Amino acid sequence: MDEKENIKERNEICSRTLKTGSRTYFFDARETRAGDYYLTITESKKSFSETGEVTYKKHKIYLYKEDFSKFQSILDDMIRFIINEKGREVISERHQKDFKNHTTYNQSQEVKEVQKKTSEIKDFTNINFEDI
């Protein structure tokens, strides 16, 4: 095993992935050289160039243990605020070509989609950063 493989193996401790349409979120617990852990959250968004070539834009956040509690508190507050203000329905879906009017839309399918999205949000907000 060469040095790069050894560093990569030591650095990556635990990973989870959340795929949502054209975006993928990666949650990775990593290890510092000193042996402590931190979290990286990466958003990867698929896009297409003018020539049709697939590209990915990535944005990364590094989150260290000393910031976990404050980060989690603010994230929880912001999620609650948005849901309280606008509900769980994703308004932008109304403007997509394949959106079906609520009068013809299968209500049980809509309930299942809301439950799935709620579950994804709960999975993210239930991360106990202190355990990572």
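**Strands, a threonine and a surface patch**

Visitor: Is Thr42 buried or exposed?
Guide: This is a predicted model, and in it Thr42 is found in strand β3, which covers residues 37–48. Leaving aside neighbours within four places in sequence, Thr42 is in contact with Thr24, Tyr25, Phe26, Lys58, His59 and Lys60. Because its relative accessibility is 6% and the class in question is set at under 20%, Thr42 counts as buried.

Visitor: Which strands stand at the edges of the sheet?
Guide: The sheet is open and has four strands in the order β1-β2-β3-β4, with antiparallel pairing. Two of these strands have a single partner strand each, so one side of each is left without a neighbour in the sheet. The strands at the edges are therefore β1 (12–20) and β4 (54–64).

Visitor: Which residue in β4 is the bridge partner of Lys46?
Guide: Strands β3 and β4 pair in the antiparallel sense, and their pairing runs over eleven bridges. For Lys46, the bridge partner in β4 is Tyr56.

Visitor: What is the accessible area of the nonpolar patch that Ile74, Met78, Phe81 and Ile82 form together on the surface?
Guide: One of the four residues, Met78, lies in helix α2, which spans residues 68–86. Met78 has a relative accessible area of 44% and is therefore partly exposed, while membership of a patch requires over 30%. Taken together, Ile74, Met78, Phe81 and Ile82 have an accessible area of about 410 Å².

Methods
Residues are numbered from 1 along each chain as its sequence is written. This is a predicted model: local features need pLDDT of at least 70, side-chain atom pairs count only at pLDDT 80 or more; totals for chains, interfaces and linings use all residues. Side-chain values use heavy atoms; hydrogens and water are left out. Patches are made of residues with over 30% relative accessible area and no salt bridge: like charges are joined within 9 Å, nonpolar side chains (Val, Leu, Ile, Met, Phe, Trp, Tyr) within 5 Å. Accessible areas come from the Shrake-Rupley method with a 1.4 Å probe; for residues, only the protein chains shown count as cover. A salt bridge is a side-chain nitrogen of Lys or Arg within 4 Å of a carboxyl oxygen of Asp or Glu. Helices (H or I, at least four residues) and strands (E, at least two) are DSSP runs, numbered from the N terminus. Buried means under 20% relative accessible area, exposed over 50%, partly exposed in between (1.4 Å probe, protein chains only). Contact means heavy atoms within 4.5 Å. Two strands pair if DSSP finds at least two bridges between them.
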